[in-house]
Amino acid sequence: MILCVHVPTFGLALARRDRPDIGDDEPAVLADKPDRGRVIEVDSGAHALGARVGHTVLQARAAADRVHVLVHDAQHAHATWMDMLDALDAVSPLVDDSGEGTAYLEMRGINGDADAWMRRALHALRGFDLPVRAAVAENKFLAYARTYAPDDNIGKLPLHVLQIDPRAIERLHLLGVHRLEELAALPHGPFVRRFGKEAAVWHERARGIDPTPLRPRAHELQIDAAVFGEGSAQALEQVLFALRVLADRVCRDLERAGRATNTVKLTFECENGDLREVDAGFAQATGDPRVMLDVIRAKLEPIVFDAPVTGLRMQAMQLEECGAVATLFGQNGADPQALAVALARLQAATGSMPQRAHTRPAAVLERRYGFEEFRVASTSSAVLRRAQDDRGGAQDDTAIIPQLKLLTVKEIDVTMNANAPQRVQHKRVLNCAGPWRVDDGWFHDPVVRDEYDVLLEDGMLCRIYRQGSHWYLRGSYD
């Protein structure tokens with residue numbers, strides 16, 4: 001058995017609750033913005049007067065005279081709904097969050113009957129002062145539909161209970177189908193062929209069939225802070241001042257939760273309605289507002305907004321338990337946070353993430369290295385591993401391994417003697433190692449050559465190779 005808890009037009013109901021000056025019988029609509037916004041929810045009174053979801057605020061006012069236009073506070077609505085879901089945990093540990101305003105609870109094994117479950121759910125949500133409905137059924141859709149049918153007569157409900165596209169509802173009205181029982185009476189095959197495969201779900205639900213499983217929500221910690229409707233910021237310093245306030249709030253919440261964050265997600269709402277999202281990552285998980293602001297400043301320096309910023313939100317992502325591994329004698333290593341700030345500034349200046357070279361196995365010298373994004377975390381981890389290796393035992397510093405430095409390839413003159421180089425660019429060869437046959441790339445860019453390491457009379461140790469009848473200088477050893 002599944003218990004459905006539903007608040008019709010949840011956002012509008014919440015906005016009405018916070019406006020006690022608006023009577024219950026007065027029509028109202030919910031818009032995403034106060035002036036140039038669009039209607040996202042409509043109550044029955046405004047709908048009867050002609051206001052519709054998708055109208056602009058001006059269209060809604062023209063269609064429904066004296067309608068109240070309320071503005072949706074997404075942050076407040078989300079926080080309230082999360083609190084309601086937490087309250088429902090006292091009714092059942094398995095709660096399916098199906099969007100703000102609708103939740104399903106698995107009641108199998110819970111003491112009591114359907115009436116007791118509904119009373120328990122309504123009592124748990126009583127403090128929110130919202131028009132909550134509750135119903136119990138064998139599947140999710142039936143439970144949802146019964147919140148609109150107190151007399152349990154599901155067939156008499158209108159088609160909008162199916163939560164389908166209004167244009168599809170208009171087409172069904174043209175065919176004389178206005179209620180669920182009329183839709184259920186249609187032949188399944190012809191109906192699906194005419195309206196598409198999604199119509200099969202409509203037809204099944206109209207007949208009380210819904211195999212959708214209940215998916216309990218995962219309990220997660222969300223830490224964020226936002227500021228909206230408190231003026232506008234036109235300069236970077238003004239934005240940074242507001243971000244400093246949000247960073248302090250977020251870090252206080254992180255400290256209380258004993259967590260640190262690897263990334264913060266910034267959302268900027270502009271006066272012209274544009275939304276801009278910026279992610280700022282840190283070298284290691286942090287709860288320090290100064291570190292956050294240093295990285296955020298570097299991220300924002302190259303960004304230009306087309307209009308003043310009217311709203312900000314900072315959300316902590318990728319939370320970790322507090323504490324970071326640190327070496328006792330790490331003063332010679334780079335500060336990972338300072339390195340993260342430098343990388344952010346380089347990325348802002350160049351438009352791309354800095355890269356680092358790394359070695360890899362390959363037969364050809366040119367293919368023994370590649371490039372990857374410079375990751376600060378991997379750098380600090382490498383420093384830590386190196387420190388751990390150093391503690392494992394002393395290293396032999398007497399063995400010096402020369403490093404090959406690749407040079408720009410150029411053709412050279414080489415004189416041979418008994419299948420070994422005797423002179424290179426008219427310089428005598430004192431010692432020679434090789435040849436090493438390189439045969440690589442059978443299908444793409446084949447390479448077939450013989451390579452030598454030669455020590456010249458001027459002390460230069462270099463790598464040369466013969467390809468065909470030509471000789472080339474490839475690199476020198478430091």
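Start by selecting Leu159, Leu162, Leu180, Leu183 and Trp202: of the 28 residues in the largest nonpolar core, these touch the most other members. A nonpolar core here is a set of buried Ala, Val, Leu, Ile, Met, Phe, Trp, Tyr and Cys residues joined through side-chain atoms within 4.5 Å. Buried means under 20% relative accessible area, exposed over 50%, and partly exposed in between, with a 1.4 Å probe and protein chains only.

The model is predicted: local features need pLDDT of at least 70, side-chain atom pairs count only at pLDDT 80 or more, and totals for chains, interfaces and linings use all residues. Residues are numbered from 1 along each chain as its sequence is written, and side-chain values use heavy atoms, leaving out hydrogens and water.

Helices (H or I, at least four residues) and strands (E, at least two) are DSSP runs numbered from the N terminus. H6 gives the largest share of this core, five residues.

Center on Trp202. Leaving aside residues up to four places away in sequence, Trp202 touches Leu162, Ile164, Ala168, Leu183, Phe191 and Phe195; contact means heavy atoms within 4.5 Å. Apart from this core lies another, of 27 residues, including Val95, Ala103, Val132 and Ala134.

**The salt bridges**

The structure holds 17 salt bridges, each a side-chain nitrogen of Lys or Arg within 4 Å of a carboxyl oxygen of Asp or Glu.

Select Asp43 and Arg16, whose side chains meet in a salt bridge at 2.7 Å, N to O. Asp43 sits in the loop between strand E3 (39-42) and helix H2 (44-49) and Arg16 in helix H1 (residues 10-17), so the pair ties together parts 27 residues apart in sequence. Asp43 counts as buried at 13% relative accessibility, and Arg16 is buried at 17%.

Move to Arg466 and Asp450, where the N to O distance of the salt bridge is 4.0 Å. Arg466 is in strand E19 (residues 461-467) and Asp450 in strand E18 (residues 447-456), 16 residues apart. Arg466 is partly exposed at 22% relative accessible area, whereas Asp450 is buried at 12%.

Then select Arg463 and Asp453, a salt bridge of 2.4 Å, N to O. Arg463 lies in strand E19 and Asp453 in strand E18, so this pair joins parts 10 residues apart in sequence. Arg463 is buried at 9% relative accessibility, as is Asp453 at 14%.
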